[in-house]
Each structure stands twice: as structure tokens, then as C-alpha cells.
Amino acid sequence: MQNDQPDRLHRYRLLKKLLSLMPYGLGANALALATRIPPVQFLFRKHRRNLSAFLHENVLTVDVREVFARYLTTNWLTSWRLAALGRCSDETFARWVSLEGYEIFKQLRDQGRPVLLCNSHYGGGKIILLALMREGHTIHSLDRQDIFSFSNISARGKLVSINLGDRKSNFMLKQVFRARKVLQEGGILHIAADGVRGLSGREIPFLKRQRAFPASVAELALASNAAIVPTFGMLDASGRIKLELLPPLEMPDPQLPHEDRIMRIIEQYSSLLQAHWLACPGAIHKGELKIYADLPRQAATNTTQKE
């Protein structure tokens, strides 16, 4: 049965192709100006209310106008950003994108270690693929859609997309088998560890709420001895991107029960994601903010002692 609702990726296709011709510097400067204009911020006032509610719930004292400008920069024209950065020169790329921690990743690859790039729906996370492809790496990526081929994005390396398909599909045995094979053969696999698809979620506390995280990252790493390298990409309101490759997650003692090992890996990743959300809330994706708002709140803990 076909889905009657057109995929977001295919909407405004002509407009996206025209926008893709805009150089990154010109587009980033224009977007930086637009996101600070009061009428533009008013136009997206519903999103501002959602962001303000998150800031209030987590007691974050920030300049809401500036944080919201970064939020708008993060969440709009993402396809154009990838296409423009994929097309630009090394000099222009280095002017707008910084990469921290590459030596960690390079050392693991020099040792022949498979690497599981653990990304998130946060900031400009997918730009890490462009940075690593420019270094000549071949990367397999678990994606809902192959946006790189769709937007004709290329670099010196190679990206192989393992498509997850329609959002309604939760049975992904074939894709998981391919992902495991990539790692068992010593390759690089890119995956978002905060996805909501699949049936393997483990529910844990997350910023005063209860959130389920998939076990796929942990399962894949344990099955292949892959190093889990968390990666984050923060955009500032001007369009500059700071990419981080963090030290690998600590692998739990193999003597522990399997479920305990899974949970310890998930909890490490969740702690990093929470820290980034609190440190830079303007980089939270709008869809993730909506998911967060619908999560059940943590039960209040009664600390009163009876005498």
C-alpha cells in the first residue's frame, strides 16, 4: 500500500534545486540576518513558544532571541546547507567548518578498528559525513532517505546509504544485517542513536522526562567489537559549524549480563546528548523538541523522611 502523504524530501523540489546553486557564504550571511529580524521570529512564534517551554522547564537562563535565531538557522534550509558545503572548495569549507577530535577517529582507523559514528538529530550532525568524506573515507550511513544522492552531494570519499524507507516501517532486519556486516568487515557505519524507529527501545530518564532510546547502536557495537565514537555538530547563528568527534564510549565489562551492557552504553550516550541539549538548546531539532514535549514526565521523588 502506498503512502498518500508525499515525503518532505520531495516537496518544493524545483525550489531546492535553485537554492542549491547559492554559495554557502552568501546563503549563511543572508540566513543569519533573516533569523534575527523580529517579523521573521514572529512568523515562527509557535516554534519559539515550544523552545521557550523547554528552556523554562529546564531552568535555562539564556538570551531567548539569540538562542531562537540559532534554532532557526539549525532547522531551516538543511538540504541547501549540505549541498552548498559539499560543493564548495576546501578553503571555503575550512572557513565555515571546524573539526575537533579527528585524531581520535584516525587512530582507530589506523589500528584497523571498525567505527560506529554515533550521531544525533541535533545541530548540523550530518555535516560530519562531508568532513570525513573530504579526508577520503568511505562511510555507510543508516538513513530514512539518501539525501546525498537526492541533492547530488559528492566529496572525495564515498557515502553508501542504507535506506530505512518509510517512517511507518519498523521491521528493518535486512538493513540491520547490512549494517552489522559493514562493521564486521572493519568499516565505518554512521547512525543516529536517538532515533524513534524500531522495536528495541529502552526507557530511561532524560531531562525530567522518560524517553526510549533504541538498543541498535549498543547491539551493533557488541556484535562487531566496533568503537562507538559520538559526534555532534553545532551551528552558531551565523552559520559556522563546529564538529566534534568525541572519545569512544567505554565498553562495559563482558562478564556483565547482556542487558546490563546494553543499558550502560545507552546511558553513556544519553548523558552526552542531555549535556549538549542543555549547553546549546538552539541546536535542538524542531522534531526532537516536539517529541520531548510529548514524553511522560518523571515521577516526583518523595524525599520526606518519616520520624
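Reader: Where does the largest share of the lining of the largest cavity come from?
Author: This is a predicted model, where local features need pLDDT of at least 70 and side-chain atom pairs count only at 80 or more, though totals for chains, interfaces and linings use all residues. Residues are numbered from 1 along each chain as its sequence is written, and side-chain values use heavy atoms, leaving out hydrogens and water. Both α12 (216-224) and α13 (258-279) supply at least two lining residues (helices are DSSP runs of H or I, at least four residues, and strands are E runs of at least two, numbered from the N terminus). The largest share, 3 residues, comes from α13.

Reader: How much space lies in the largest cavity?
Author: On a 1 Å grid over the protein atoms alone, a cavity is a set of points where a 1.4 Å probe fits but cannot get out, and lining residues have an atom within 4 Å of a point. Points are joined across faces, edges and corners, and the volume is the space filled by probe spheres set on them. The whole structure has 1 cavity of 30 Å³ or more. The space in the largest cavity is about 60 Å³.

Reader: How many nonpolar residues are in the lining of the largest cavity?
Author: Ala, Val, Leu, Ile, Met, Phe, Trp, Tyr, Cys and Pro count as nonpolar, Asp, Glu, Lys and Arg as charged, and the others, Gly among them, as polar. The lining includes Cys 118, Phe 213 and Tyr 269. It has no polar and no charged residues, and its nonpolar count is 10.

Reader: What is the volume of the second largest pocket?
Author: A pocket is an open set of points with protein on both sides within 12 Å along at least five of seven lines. By class, this one's lining has 5 nonpolar, 1 polar and 4 charged residues. The volume of the second largest pocket is about 170 Å³.

Reader: Is α4 roughly parallel or oblique to α14?
Author: Helix α4 (residues 45-57) and helix α14 (residues 286-293) have axes 10 Å apart and pack at about 55°. Axes are lines fitted to C-alpha atoms, for helices over the stretch in contact, and angles run from 0 to 180 degrees between N-to-C directions. Under 35 degrees counts as roughly parallel, over 145 as roughly antiparallel, 65 to 115 as roughly perpendicular and the rest as oblique. So α4 against α14 is oblique.
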